[in-house]
Amino acid sequence: MTREQQTRTPLETAVLATLAGITVGEDGPDVVSAGHVAEVVSTGGAIRVLLDPALVATEDGEALAEIMREVVGAVPGVERVIVKPRPQSVTPILAQAPGVVLAVHSGKGGVGKSTLAVNIAAALAHGAAGRPLRVGVLDADVYGPSVPLLLGVSGRAQTTADGSRIAPMAAHGLKVMSLGFLMPEGKPLAWRGSLVSEGLPQLIAEVDWGALDILVVDLPPGTSDVHLALAQAVPIAGVVAVTAPGQISTDDVRRGLEMFADIAVPCLGLIENMSTFVCRSCGTEVALFGDNGGKDLALETGLPLLARIPFLRDVLTASEAGTPLVLAEPAAPFSQTITALARRLADELAPQMKGDTAWTQH
Ligand SMILES: Nc1ncnc2c1ncn2[C@@H]1O[C@H](COP(=O)(O)OP(=O)(O)OP(=O)(O)O)[C@@H](O)[C@H]1O
Ligand SMILES: [Mg+2]
């Protein structure tokens, strides 16, 4: 086990004790003593039993995994069991990022990733964490960069005065970079695709970000090559997953989360966007797409549901005007929700922030 005993939750301890009752073969050692269980992690009522990949490759591996699923599922307090090989983390090309990387992801398109990414970034830059943080926004949506529009910046990125690096754009106190600032308009999509694996690490390394506390990365929809390219480019400190209520959306998010879990990238939680519609004249809140998508997914994955955000016309209008609503109307309930969410994310990421150490390319 890689974690110290004292950091285990009571549920993890109970699950481990139960696993220690499963023996390998008739007189063999138990699965824990045999080293088959690499880690037991509980998040809420969901338990992930992470197996030594060597076991998974053996003939008995699947049979033992099935027994583990069954006995762990019977432990009081366990609501869902995931038995999988221990994730194999990828080693990023850049050992260090310009700031702690927070990626905003969803398996599905159009659920509000970019909108929430820029609002969270803006909130962090403007004091949501109790002090203004130095925040960069990287638009990694190669196929449909929308961050320039949402932040009201356009044009082509310039090189720095000494010509050695690319200067990020500045907007609303954020340093912003998007492939939209670099690519000639009208280039075919295939050309963009070829940029992903080589271009993304370069884009992070060659932009003169300065020292950042957080780099918020807006990912394209799906579980595309871009996600893997990002994980291969820099260490990702955490992912937040955006979902809209409704089965299809949560299924897509679940698939994406599995992909991040498989490469040992932690997911900090879920955000349900467009949860409800608030009537402008009477203030009544109506659940348009069902009630429980985010809640069900949180239960199923064991991840916290960090926020539920209603569908608000003002979010759309502010985006179209190029100013995140959290800045345009800081007192609005939406802005307060985003600020609390941003603070929570910053708290989670704080241990990984390095203070004033300037980011240097290597
Ligand atoms: N809470 C909200 N209330 C109202 N409109 C919203 C809300 N969240 C997002 N939108 C609007 O929904 C549309 C899609 O949002 P956005 O572009 O952020 O989604 P996305 O997930 O990044 O999409 P894509 O998958 O294309 O990258 C935009 O027009 C945006 O203004
Ligand atoms: Mg987007």
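H1 and H3 sit oblique to each other, because their angle is neither under 35 degrees (roughly parallel), nor over 145 (roughly antiparallel), nor 65 to 115 (roughly perpendicular). In this predicted model, helix H1 (residues 10-19) packs against helix H3 (residues 61-73) at about 130°, and their axes are 10 Å apart. Those axes are lines fitted to C-alpha atoms over the stretch in contact, with angles from 0 to 180 degrees between N-to-C directions.

Who touches whom? On H1 we find Val15, Thr18 and Leu19, and on H3 there are Met68, Val71 and Val72. Contact here means C-beta atoms, placed from the backbone, within 7 Å. By class, that makes five nonpolar, one polar and no charged residues.

## Around the ligand

Ligand 1 has 20 residues around it, and the closest are Gly109, Gly112, Lys113, Ser114 and Thr115. To be near, a residue needs its C-beta atom, placed from the backbone, within 6 Å.

## The whole chain

Overall, the chain has 12 helices and 12 strands, which are DSSP runs (H or I, at least four residues, for helices; E, at least two, for strands). Of its 362 residues, 41% are buried, with 20 or more other C-beta atoms within 10 Å of their own.

## Reading the model

Residue numbers start from 1 along each chain as its sequence is written, while chains are lettered from A and ligands numbered from 1 in the order written. As a predicted model, it needs pLDDT of at least 70 for local features and 80 or more for side-chain atom pairs, while totals for chains, interfaces and linings use all residues.

Technical notes. Contact = placed C-beta atoms within 7 Å. Nonpolar A, V, L, I, M, F, W, Y, C, P; charged D, E, K, R; others polar. Buried ≥ 20, exposed ≤ 12 C-beta atoms within 10 Å, placed from the backbone.
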